[in-house]
Amino acid sequence: LFARPWAFQTSVTDMANLPEAAGTEIAFAGRSNVGKSTLINALTGRKGLARTSSTPGRTQMLNFFSAPETPLTFVDMPGYGYAQAPKDLVEAWTALVFSYLRGRPNLRRVFLLIDSRHGLKKNDLETMALLDKAAVVYQIVLTKADKIKPTQLARLEADTLVALKKRIAAHPEVISTSSEKQKGIDDLRAEIARFTSF
Ligand code: GDP
């Protein structure tokens, strides 16, 4: 599944241009700079596949990635949480993301990335509320685990699990990763592989 040559498929800014809903779709969401591009690149083994588009005010896009003859598509959702993001940009993000989440029949899971150093922030909780409302199962993936001590990581994992208990659509397991140290990448791959038939 992950040994194949993953490639960029398409970018969309509106629902009318979504690619056909074929196979299983998995999406990745998180605050800008959370390490989303780096994680997608680590999962697919393609260094330059997902690129950081961390420019406030930039067009909000859903980026689709796939591999030949693989019934699996990755969707890189636009990062959120710019400190100075104007209100209309936040609203555009919410509109695009919510209509995608609500209307995508083959979307099986959203991995919501959280920086291990920061934990759940207000805008992460807002995104979780949006996912609950759209009734899409989401799973927390802690990123940059190499940046904190193992004891701190263990506490964060435990605290995050407690926070998830109150959530409707949250998958009750957390995966800790470090793209830098290749930690948790195989665990995440195994979780993703469960959604496909091979
Ligand atoms: P994105 O905006 O969410 O796509 O974030 P990027 O993937 O561009 O990563 C943001 C920054 O975090 C970059 O400087 C990365 O090198 C760094 N980063 C990403 N993953 C890791 C990680 O696992 N460990 C460490 N230490 N840094 C990371």
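**A friendly note on the core, helix α1 and the sheet**

1. Let's start in the middle. The largest nonpolar core has 40 residues, and those touching the most other members are Ala 27, Phe 28, Ile 40, Leu 112 and Leu 113. At least two residues of this core come from each of β2, α1, β3, β4, α2 (87–103), β5, α3 (122–134) and β6. Strand β5 gives the largest share, six residues. Please keep in mind as you read that this is a predicted model.

2. Leaving aside residues up to four places away in sequence, Ile 40 touches Phe 28, Leu 49, Ala 50, Phe 65, Phe 74 and Asp 76. Ile 40 is also one of the buried residues of α1, along with Lys 36, Ser 37, Leu 39, Ala 42, Leu 43 and Thr 44.

3. Why is helix α1 described as largely enclosed by the rest of the structure? Seven of the nine residues in this helix (residues 36–44) are buried, so the rest of the structure largely encloses it. The cover over these buried residues includes the strands β2 (24–30), β3 (62–66), β4 (72–76), β5 (107–115) and β6 (138–143), together with helix α5 (185–193). After α1 comes Gly 45, which has a positive phi, near 70 degrees.

4. In total, 18 residues surround the ligand, and the closest are Gly 35, Lys 36, Ser 37, Thr 38 and Glu 180. By type, the shell holds one nonpolar, 12 polar and five charged residues.

5. Next, the sheet. It is open, with seven strands in the order β1-β3-β4-β2-β5-β6-β7 and mixed pairing. At the edges stand β1 (7–12) and β7 (175–176); each has a single partner strand, so one side of each lacks a neighbour in the sheet. For an antiparallel example, look at β3 and β4, joined by four bridges. There, Asn 63 stands opposite Asp 76 of β4.

6. Finally, follow β6, where five of six residues are buried. Strands β5 and β6 are parallel and share six bridges, with Phe 111 partnering Gln 139 of β6. From β5 the chain crosses through α3 to β6 in a right-handed β-α-β crossover. Strands β6 and β7 are parallel as well, with two bridges; here Val 141 has Ile 175 of β7 as its bridge partner. The chain passes from β6 through helix α4 (residues 150–164) to β7, and this β-α-β crossover is right-handed.

Note on methods. Residues numbered from 1 in each chain as written. Predicted model: local features only at pLDDT ≥ 70, side-chain atom pairs only at ≥ 80, totals over all residues. Buried ≥ 20, exposed ≤ 12 C-beta atoms within 10 Å, placed from the backbone. Contact = placed C-beta atoms within 7 Å. Core = buried A, V, L, I, M, F, W, Y, C linked by C-beta atoms within 7 Å. Near = placed C-beta within 6 Å. Nonpolar A, V, L, I, M, F, W, Y, C, P; charged D, E, K, R; others polar. Pairing = 2+ DSSP bridges. Right-handed = clockwise from strand over helix to strand, strands pointing away.
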